[in-house]
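Subject: Structure handover

Hello,

The structure we spoke about is below, with its sequence. My notes on what was found in it follow.

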Amino acid sequence: MKAKTPASPIPPSPESAKKAEPAFGWNAYAEQINGRFAMVGFVAILLLEFFTGENFFTWLGLR
């Protein structure tokens, strides 16, 4: 019976290993920052609804 050899890890691709850097236009850095701001905004809306007892649309005056 042969001994099993552990699988060698796959090295990361050059694109995934590259750090996102600030730049203009559609790029990975802009998408990363946009996603982070969206998460912060979502949590802010949840906190607003929790502490005021009103939903977001009522707070905006749309309801």
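Asn 27 counts as buried, because its relative accessibility is 19% (buried means under 20% relative accessible area, exposed over 50%, and partly exposed in between, with a 1.4 Å probe and protein chains only). Before going further, please note that this is a predicted model: local features need pLDDT of at least 70, side-chain atom pairs count only at pLDDT 80 or more, and totals for chains, interfaces and linings use all residues. Residues are numbered from 1 along each chain as its sequence is written, and side-chain values use heavy atoms, with hydrogens and water left out.

Overall picture

The chain has three helices and zero strands, where helices (H or I, at least four residues) and strands (E, at least two) are DSSP runs numbered from the N terminus. Of the 63 residues in the chain, 2% are buried.

The average pLDDT of the chain is 81, and 70% of the residues score at least 70; pLDDT is the predictor's confidence in each residue, from 0 to 100. Confidence is lowest in α1, with a mean of 60, and highest in α2, with 93.

Helix α2 and its ends

Asn 27 sits in the loop between α1 (14-17) and α2. Its side chain caps the N-terminal end of α2, with an oxygen 3.1 Å from the backbone nitrogen of Tyr 29.

Helix α2 covers residues 28-52, and its 25 residues should span 36 Å at 1.5 Å a residue; the end C-alpha atoms are 36 Å apart, which agrees. The expected span is 1.5 Å times one less than the number of residues. After α2 comes Gly 53, with a positive phi near 80 degrees.

The UniProt record (unreviewed entry) places a "transmembrane region" at residues 37-62; such annotations may be inferred rather than shown by experiment, feature names are shortened, and positions are given in the numbering used here. That span is 81% helix and 0% strand, with its end C-alpha atoms 24 Å apart.

Aromatic rings

There are three aromatic pairs (rings of Phe, Tyr and Trp, its six-membered ring, with centres within 6.5 Å; planes under 30 degrees apart are stacked, over 60 edge-to-face, and the rest tilted). Phe 56 and Phe 57 are edge-to-face, because their planes are at 65 degrees, with centres 6.0 Å apart. Phe 56 and Trp 59 are stacked, at 6.3 Å centre to centre and 25 degrees between the planes. Both lie in helix α3 (residues 56-60), three residues apart, about one turn of the helix. Ring pairs link Phe 56, Phe 57 and Trp 59 into a cluster. Phe 56 is partly exposed at 24% relative accessibility, as is Trp 59 at 48%.

Regards

Conventions
Polar contact = N/O pair within 3.5 Å; in protein donor to acceptor, adjacent residues only side chain to side chain.
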